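Thanks for making the time this morning.

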Amino acid sequence: MRITEHSRLKDFNTFGIDAHADCIVEWSSVQELQAILPELDRPILPIGQGSNLLFMNDFHGTILKSAIQSVDILHKSDDHVLVRAGSGVIWDDFVSLAVMKGWWGVENLTAIPGQVGAAAVQNIGAYGVEAKDVIETVQTVCLADGSTRDFNVSECGYAYRQSIFKKELNHQYAVSHVIFDLGLKPAPKLGYGALEQEVMRLGEPTLNNISSAVRNIRDSKLPDPAILGNAGSFFMNPVIPSSQYESLKSKYPDIPSYTAGNDMVKVPAGWLIDHAGWKGRALGPAAVYERQALVLVNTGGATGQDIKALADAIIADVREKYSITLSTEVNYI
Ligand code: EPU
């Protein structure tokens, strides 16, 4: 366990916001967390790699960061493997391990920043796959009393970038481990966008080629947070009624869409922001990334307020132009 008082948060959030926290506790086991919990100053904020949050101010309380690094096979059958990963495992390392071992299910989620625990909280998704598709159980520690609680996937309230851990139980549980149900038989999912084309360019749809294809596509349009502070998609793709989409389409014939069921349509926020003229624009040290309008970047020394000011300006403009109110995927702290 590592405890750091009055700690800089710059290296604990991928936006590179230079705020401070009263205390950061990096915990390495459930027992360790249970032992220290009663002594921690509240509020307590569990974080992963800080790849989906924006610090608006200094944080007066305790930040909990998991350092649980284990990966264990719990059960193996002819066509499935149940794998338990510690919440502190870097998500992309877990994906690389799965690809190397021949475990199918997470290859489309290659190169997403963050840790295993946060992936389960955020229900990360890309190229037609979401974390919930492969999660079996989320194992947690209750921050109120230290008790452990396992949530079966059906109890996690999963939806697009949403879970019970972000809503009803927000900041009430720290994830210790996630159990994944992965496949041992080839099951490529290539239906999304340009993925199939990029895989075919590399060869057969093997785990390796799919993972490399996703990495290539992401590298071509998403900034590396180690070089340019960002939190991936800043906004969620809005889901609107089909009727509203039809009237937008008559005005903007090239507006893309994905079906969302129930007579609803998902529209790419990146397209709306781009076509509203925001791509590459800056407001002080906060800017819209020039290759993907869904991503806001810190061009140097931005505060949480700077980033939010840009986000608010975009939300207001998109609302005025398209009558759609964007919601953020990034969580303001
Ligand atoms: N588009 C534009 N201009 C832009 C960006 C996008 O016109 O600046 C258009 C594209 O041409 C395309 C459509 O918008 O027709 C969708 O773009 P893209 O395929 O890049 O995906 P996205 O909807 O922008 C979502 C996820 C990403 C995920 C990709 C691939 C959300 C909020 N974002 O982005 O997730 O990697 O699909 O599956 O759902 C993340 O959550 O941090 C993230 C990067």
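This is a predicted model: local features need pLDDT of at least 70, side-chain atom pairs count only at pLDDT 80 or more; totals for chains, interfaces and linings use all residues.

Gln172 touches Val141, Cys142 and Leu143, leaving aside residues up to four places away in sequence, where contact means heavy atoms within 4.5 Å. Residues are numbered from 1 along each chain as its sequence is written, and side-chain values use heavy atoms, with hydrogens and water left out.

Gln172 sits in the loop between β11 (148–152) and β12 (173–183), strands here being DSSP runs of E of at least two residues and helices runs of H or I of at least four, numbered from the N terminus. Its relative accessibility is 37%, so Gln172 counts as partly exposed, the class between buried, under 20%, and exposed, over 50%, with a 1.4 Å probe and protein chains only. Pro46 is 126 residues away from Gln172 in sequence, yet their C-alpha atoms are 8.7 Å apart.

Turning to the sheet, four strands form an open sheet in the order β1-β2-β5-β3, with mixed pairing, where two strands pair if DSSP finds at least two bridges between them. The edge strands, each pairing on one side only, are β1 (2–8) and β3 (44–47). Within this sheet, β2 (residues 20–27) and β5 (residues 59–66) run parallel and are joined by six bridges, and Cys23 stands opposite Thr62 in β5.
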